Amino acid sequence: MLLIKLFFAFIQVGLFSVGGGYAAIPLIQEQIVNLHRLMTMEEFSDLITVAEMTPGPISINSATFVGMRIAGIPGVLLCTIGCIIPSFCICLILAHFYYKYRTVSGVQIVLGAMRPAVVALIASAGASILMLGLFQAELADVAIRNIRLVELGIFATALFLLRKYKINAITIILGSGVAGTAIYALTGSI
């Protein structure tokens, strides 16, 4: 029963994650954390962090990690296939129609209207992970007294370096890991 639940959860993720992998994150969160309660938000945040650092699309990486965490190899196969099948079928159909009708102005209007929704999905996922990373709590539970100062400093520095100097994301990720490890090692908080 669990495998069937996982398969259909990821079919829904694959079917409704319009806008790419980052848009799938809140859908995976809704299915796995909120609806089926198969993971905690902290486990989910860790999973997204590892899926982001792993080569490949984040939605497929997330499906693979969720499947392995919850149901082993059969879970990996069903979650990954469930995530891929809807996108594969929809892409085949849409590619056919897009190339046939791409010059029609209505197509461009529909695509333009979908962009704000995709940005909202990505922002929602980012806000959830940011709150958990900085406050170790979801948005509703945030209190200033719970702020994690080391994580806030690393976040602010990484954001500044990314925006101001356009430093490579891999360098930022590795540097953040080294900085965090060094700070916690020096303060004895590991």
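Predicted model: local features only at pLDDT ≥ 70, side-chain atom pairs only at ≥ 80, totals over all residues.
Residues are numbered from 1 along each chain as its sequence is written, and side-chain values use heavy atoms, with hydrogens and water left out. Local features need pLDDT of at least 70 and side-chain atom pairs count only at pLDDT 80 or more, whereas totals for chains, interfaces and linings use all residues.

Helix 2 spans residues 21-35, where helices are DSSP runs of H or I with at least four residues, numbered from the N terminus. Its 15 residues reach 20 Å from the first C-alpha to the last, close to the 21 Å expected at 1.5 Å a residue, the expected span being 1.5 Å times one less than the number of residues.

Two salt bridges are counted, each requiring a side-chain nitrogen of Lys or Arg within 4 Å of a carboxyl oxygen of Asp or Glu. In one of them Glu43 pairs with Arg69, the closest N and O atoms being 2.4 Å apart, and this pair links distant parts of the chain, with Glu43 in helix 3 (residues 41-53) and Arg69 in helix 4, 26 residues apart. Glu43 is partly exposed at 28% relative accessibility, and Arg69 is partly exposed at 42%. Glu151 and Arg148 also meet in a salt bridge, at 3.0 Å from N to O; here Glu151 counts as buried at 18%, while Arg148 is partly exposed at 25%.

The count of disulfides is zero, a disulfide being a pair of cysteine sulfur atoms within 2.5 Å. For Cys83, the nearest cysteine sulfur, that of Cys79, is 8.8 Å away.

On the surface, Ile84, Phe88, Leu92, Ile93, Phe97, Tyr101 and Val104 form a nonpolar patch with about 670 Å² of accessible area together. Such patches join nonpolar side chains (Val, Leu, Ile, Met, Phe, Trp, Tyr) within 5 Å, and like charges within 9 Å, among residues with over 30% relative accessible area and no salt bridge; areas come from the Shrake-Rupley method with a 1.4 Å probe, and for residues only the protein chains shown count as cover. Val104 lies in the loop between helix 4 (58-101) and helix 5 (105-135).

Conventions
Helix = DSSP H or I, 4+ residues; strand = E, 2+ residues; numbered from the N terminus. Buried < 20%, exposed > 50% of the residue type's maximum accessible area, 1.4 Å probe, protein only.
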